Amino acid sequence: MDVKLEIFAGVVSEAIQQAIEYIHIDTDDIHSVALVILGEIKRIIQDETIEDDFFVVEEIVKDFEKYNIDAGIRHDFG
């Protein structure tokens, strides 16, 4: 990453952290979404129609993307 972008990212991150102190975040809602995601992952893992483990992982990654969760670069083939 470019040094200027790293510095910018740090400043933005710090500003967000300071702003979050004054924002009410419903952690129960976050907990509910996490349980939904875990339920979907469990369904994918138990789906015997998906025969190849690669495609099981692919479906889980798609689920992550649906909830804007970064699966990382190890699964990025594009």
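How do helix α2 and helix α3 pack, at what angle and how far apart are their axes, and which residues meet?

A: This is a predicted model. Start with the geometry. Two packed helices are described by the angle between their axes and the distance between the axes. Here, helix α2 covers residues 27-46 and helix α3 covers residues 53-66. They pack at an angle of about 160 degrees. Their axes lie 9 Å apart. An angle over 145 degrees counts as roughly antiparallel, so α2 and α3 are roughly antiparallel to each other. Their crossing is right-handed.

Now the residues that meet. From α2 come I37, E40, I41, I44 and I45. From α3 come V56, E59, I60, D63, F64 and K66. Sorted by type, the residues of this contact include seven nonpolar and four charged, with no polar ones.

Next, the core. The largest nonpolar core has six residues. They are I37, I41, I44, I50, V56 and I60. The elements that give two or more residues to this core are α2 and α3. The largest share comes from α2, with three residues.

Look at D63 next. It is found in helix α3. Leaving aside residues up to four places away in sequence, D63 touches I37, E40, I41 and I44.

Follow the chain past the helix. N68 lies in the segment after α3. N68 has a positive phi of about 60 degrees, although it is not a glycine. Its relative accessible area is 75%. Exposed means over 50%, so N68 is exposed.

A71 also lies in the segment after α3. Its relative accessible area is 35%. That value falls between the two cut-offs, so A71 is partly exposed. Not counting residues up to four places away in sequence, A71 touches V61 and F64. F64 is also one of the α3 residues that meet α2. A71 and L35 are 36 residues apart in sequence. In space they are 18 Å apart, C-alpha to C-alpha.

Back to the pair itself. Helices α2 and α3 are roughly antiparallel, and their crossing is right-handed. Among the residues that meet there are I37 and D63.

Note on methods:
Residues are numbered from 1 along each chain as its sequence is written. This is a predicted model: local features need pLDDT of at least 70, side-chain atom pairs count only at pLDDT 80 or more; totals for chains, interfaces and linings use all residues. Side-chain values use heavy atoms; hydrogens and water are left out. Axes are lines fitted to C-alpha atoms, for helices over the stretch in contact, and angles run from 0 to 180 degrees between N-to-C directions. Helices (H or I, at least four residues) and strands (E, at least two) are DSSP runs, numbered from the N terminus. Angles under 35 degrees count as roughly parallel, over 145 as roughly antiparallel, 65 to 115 as roughly perpendicular and the rest as oblique. A crossing is left-handed if the near helix is turned anticlockwise from the far one by less than a right angle, and right-handed if clockwise. Contact means heavy atoms within 4.5 Å. Ala, Val, Leu, Ile, Met, Phe, Trp, Tyr, Cys and Pro count as nonpolar, Asp, Glu, Lys and Arg as charged, and the others, Gly among them, as polar. A nonpolar core is a set of buried Ala, Val, Leu, Ile, Met, Phe, Trp, Tyr and Cys residues joined through side-chain atoms within 4.5 Å. Buried means under 20% relative accessible area, exposed over 50%, partly exposed in between (1.4 Å probe, protein chains only).
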